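Trainee: I have a chain open and would like to go through it with you. Can we take it piece by piece?

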Amino acid sequence: MKRIQEEHKELLRSKSELQHQVSQLKEQLAEKEEQMSRIIQKRRRTTVAHVEAMNLLTSTQAELKESKQRCAAEENLRKQQEERSKQEIDQLREELQQLQVSRRLCSLLFPSLL
């Protein structure tokens, strides 16, 4: 009987120790789950920030491309206007030379008119 009581006490101690170990393991598991939850939330925030940065980069690149196209179009228009102006200046110079030649000719042919 004494042996049974000792075995019973030993079993109760073992049970108590096992319950204590189970309790510690549950606490450790809860801590690990909380840690994992924080890590997952941090990764999600990082992913969201990355996606937002990529969206901003994409829109900025699109705006830059559009701006470059506008600048190229404006530069092309400026070159066309510059070429037209040069042509007009050349034409006006030519007309002026013709007028000067005509005036000289008139002054030679009709000196009394001047």
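Trainee: Is Leu 109 buried or exposed?

Mentor: Leu 109 is exposed, because its relative accessible area is 55%. Buried means under 20% relative accessible area, exposed over 50%, and partly exposed in between, with a 1.4 Å probe and protein chains only. Before we go on: this is a predicted model, where local features need pLDDT of at least 70, side-chain atom pairs count only at pLDDT 80 or more, and totals for chains, interfaces and linings use all residues. Residues are numbered from 1 along each chain as its sequence is written, and side-chain values use heavy atoms, with hydrogens and water left out.

Trainee: Which helix does Leu 109 lie in?

Mentor: Leu 109 lies in helix H1. Helices (H or I, at least four residues) and strands (E, at least two) are DSSP runs, numbered from the N terminus.

Trainee: And which surface patch includes Leu 109?

Mentor: A nonpolar one of about 580 Å², made by Leu 105, Leu 108, Leu 109, Phe 110 and Leu 113. Patches are made of residues with over 30% relative accessible area and no salt bridge; like charges are joined within 9 Å, and nonpolar side chains (Val, Leu, Ile, Met, Phe, Trp, Tyr) within 5 Å. Accessible areas come from the Shrake-Rupley method with a 1.4 Å probe, and for residues only the protein chains shown count as cover.

Trainee: Zooming out, how many helices and strands in the chain?

Mentor: The secondary structure comes to 1 helix and 0 strands. The chain's radius of gyration is 48 Å, well over the 13 Å that the globule rule gives for 114 residues, so the chain is more spread out than a compact globule. That radius is taken over C-alpha atoms, and the globule rule is 2.2 Å times the number of residues to the power 0.38.

Trainee: What does the C-alpha trace span along its principal axes?

Mentor: About 160 × 15 × 10 Å. As a check along the chain, Glu 27 and Glu 74 are 47 residues apart, and their C-alpha atoms are separated by 70 Å. Glu 27 is in helix H1.

Trainee: What share of the residues is buried?

Mentor: Buried residues make up 0% of the 114 in the chain. The accessible surface comes to about 11,400 Å², and 56% of that belongs to carbon and sulfur atoms.

Trainee: Switching to charges. How many positive and negative side chains are there?

Mentor: There are 22 positive and 19 negative side chains, and the centres of the two sets lie 5 Å apart. Lys and Arg count as positive and Asp and Glu as negative, while His and the chain ends are not counted. The place of a charge is taken as NZ of Lys, CZ of Arg, CG of Asp or CD of Glu.

Trainee: How many salt bridges does that give?

Mentor: The count comes to 7 salt bridges, each being a side-chain nitrogen of Lys or Arg within 4 Å of a carboxyl oxygen of Asp or Glu. One of them joins Glu 10 and Arg 13, at 3.3 Å from N to O.

Trainee: Why might those two line up, and how far apart are they in helix H1?

Mentor: Glu 10 and Arg 13 are 3 residues apart in helix H1, so about one helical turn separates them. Side chains of opposite charge can pair when their charged atoms come close. Glu 10 is partly exposed at 42% relative accessibility, and Arg 13 is partly exposed at 46%.

Trainee: What about Arg 70 and Glu 66, how far apart are they in the helix?

Mentor: They are 4 residues apart in helix H1, about one turn.

Trainee: Last one: which residues form the negative surface patch?

Mentor: Glu 83, Asp 90, Glu 94 and Glu 95. Glu 83 is partly exposed at 42% relative accessible area, and Glu 95 is partly exposed at 37%. Glu 95 is found in helix H1, residues 2-109.
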